[in-house]
Amino acid sequence: MTIRALHVASELYPLLKTGGLADVAGALPPALIERGADVRVLLPGFPAVVAGLTELAPVAQLGRQFDAPGVTLERGTLASSGLIVYVIRASTLYDRPGNPYLNDEHVPYGDNAQRFALLGWVAAQLAQHLDPAWSPQIVHAHDWHAGLAPAYLKAAERQHGRSFARSVFTVHNLAYQGVFPAPQFGQLGLPADYFSMHGVEFYGQLSFLKAGLYFSDRITTVSPTYAREIQTLAQGGGLDGLLRHRSHDLSGILNGVDYTVWNPASDALLEDHYSATRLAGKLACKEALQKRFGLAQKSDALLFGVVSRLTEQKGLDLLLEAVPEIIKHGGQLVVFGTGDPALENGLKRVAHAHPEAVAVELGFDEKLAHTIVAGSDVIAVPSRFEPCGLTQLYALAYGSLPLVHCVGGLADTVVDASLENLADDLATGFMFERFELKGIGAAIRRAFALRERRTEWKATQRRAMRQDFGWGASAERYLALYRELA
Ligand code: ADP
Ligand code: GLC
């Protein structure tokens with residue numbers, strides 16, 4: 001039996017991306033389709049989404065919804081993969097350029113509750129045959145933006161006395177909860193009793209994330225370690241009790257890499273190509289990167305790269321503290337990212353103080369991200385917490401050894417270059433246990449020490465590049481989950 005599943009998300013690569021969620025939304029549906037599932041995606045009609053789709057055609061007129069007039073549902077195709085994408089057109093809610101969640105001052109839009117309630121509501125409508133030609137058996141909602149989809153499904157089930165679709169809710173990041181003042185609950189059209197501890201209420205407020213966790217049939221998160229971490233008081237963001245309560249419905253399924261996008265042997269965005277058996281091209285990528293960022297053109301300077309959202313989560317403040325350690329050993333650091341203005345300024349100051357060795361650029365650019373991942377010797381991901389992390393997986397594929405904090409998906413995907421791991425041919429990167437200067441400093445020194453042993457460095461690079469973090473195994477696990485539910 002072919003299983004029909006609708007993925008509900010707020011961003012999708014290559015249409016619109018602010019982080020790894022887009023990479024997952026862009027790669028997981030095709031991986032499921034390849035394995036025989038019938039998968040479509042539902043997205044809000046942000047300008048970049050609408051502009052990037054072909055064959056857009058109306059599916060349903062929905063009138064006034066969540067205070068937005070003339071809401072319509074359209075169906076389009078993503079030309080690069082043939083993926084079928086439903087888009088919600090609601091110009092007053094979605095027709096805003098730039099970041100899909102924040103305004104120009106980096107503040108969440110005041111009407112985010114309506115903007116993303118509409119997303120969850122339409123998902124539940126699709127399960128109730130809004131498109132006469134196709135309806136899902138599984139609604140797979142991603143992060144808080146889609147958190148109300150399972151709630152609307154359960155409400156419809158109660159109203160009609162039958163089930164329309166089963167739901168899976170995937171937590172990509174528990175730190176973003178979609179919490180709004182309680183009075184906004186009234187605008188959602190959910191049964192009044194859903195505003196309770198056994199529902200969407202969270203310490204007196206309305207939580208979209210809790211809605212997803214409470215009303216979904218199954219919960220997944222993006223790595224096994226993070227699945228354990230979020231059930232603890234320290235890392236459960238106030239939801240650990242609920243997560244422990246649902247632990248039998250909760251599993252950690254690791255994200256994968258789309259190797260058609262992230263492959264140094266064929267990556268069209270690179271200066272030169274290389275592979276595990278022919279590493280020579282990587283040097284040209286490093287030289288191009290040093291040049292691009294105005295760093296000294298020294299091929300033997302160990303080059304650390306960062307491509308990241310600049311938020312507290314990513315732990316770059318700790319990396320900044322460790323800059324003297326990098327400089328002392330003759331290393332270089334390139335940071336590229338965008339986010340929190342205070343962090344952006346802090347990074348700029350450090351670059352200014354060390355122009356030869358540290359370069360910082362602010363922005364979001366796919367090509368530059370690939371340039372850095374390919375041209376660096378080490379990619380640093382010192383996150384305080386990391387649900388999965390894709391950057392370290394891309395780094396492995398590009399032979400740029402990841403230097404990571406031992407948390408979440410980082411702990412599940414990188415093996416430290418300790419003497420015993422090197423001896424057992426297991427090492428793929430550098431890992432520190434405690435989030436403190438001493439820890440990251442030692443990991444940085446391990447990177448310099450391994451670099452001194454050229455043969456072992458190369459062997460570690462090759463091992464990193466041969467790791468298989470493709471979507472195959474994870475897509476199979478999601479399929480098994482769907483089958484169990486359907
Ligand atoms: P998160 O989703 O928490 O940001 P991930 O490591 O899962 O972390 O995914 C980050 C994704 O966003 C990767 O594809 C990375 O290359 C990309 N990315 C982050 N910052 C930038 C940037 N400034 N420009 C381009 N791509 C970026
Ligand atoms: C989130 C997490 C990141 C994860 C990504 C995709 O943004 O911060 O760790 O890789 O989602 O699941």
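A residue is termed buried when its relative accessible area is under 20%, exposed when over 50% and partly exposed in between (1.4 Å probe, protein chains only). The structure is a predicted model, in which local features need pLDDT of at least 70 and side-chain atom pairs count only at pLDDT 80 or more, whereas totals for chains, interfaces and linings use all residues. Residues are numbered from 1 along each chain as its sequence is written, chains are lettered from A and ligands numbered from 1 in the order in which they are written, and side-chain values use heavy atoms, with hydrogens and water left out.

By the burial criterion, Phe 46 is buried, with a relative accessible area of 4%. The ring of Phe 46 belongs to one of 16 aromatic pairs in the structure; rings of Phe, Tyr and Trp (its six-membered ring) pair if their centres lie within 6.5 Å, and planes under 30 degrees apart count as stacked, over 60 as edge-to-face and the rest as tilted. The partner of Phe 46 is Tyr 94, in an edge-to-face arrangement with 5.4 Å centre to centre and 75° between the planes. Phe 46 is located in the loop between β2 (38-44) and α2 (47-52) and Tyr 94 in helix α3 (residues 91-94), so the pair ties together parts that are 48 residues apart in sequence. Helices (H or I, at least four residues) and strands (E, at least two) are DSSP runs, numbered from the N terminus. Tyr 94 is likewise buried, at 0% relative accessibility.

A tilted pair is formed by Tyr 101 and Phe 116, with 6.0 Å centre to centre and 40° between the planes. Because Tyr 101 lies in the loop between α3 and α4 (112-127) and Phe 116 in helix α4, this pair ties together parts that are 15 residues apart in sequence. Tyr 101 is buried at 13% relative accessibility, and Phe 116 is buried at 0%.

Leu 83, in strand β5 (residues 83-89), is buried at 2% relative accessibility. With residues up to four places away in sequence not counted, Leu 83 touches Leu 12, Pro 29, Ile 33, Val 39, Val 41, Gly 76, Thr 77 and Leu 78, where contact means heavy atoms within 4.5 Å. Leu 83 and Val 39 are 44 residues apart in sequence and 8.1 Å apart in space, C-alpha to C-alpha.

An open sheet comprises three strands in the order β8-β10-β9, with antiparallel pairing; two strands pair if DSSP finds at least two bridges between them. β8 (179-180) and β9 (201-202) stand at the edges, each with a single partner strand, so one side of each is left without a neighbour in the sheet. Two bridges join β9 to strand β10 (residues 205-207) in the antiparallel sense, and Glu 201 stands opposite Leu 206 in β10.
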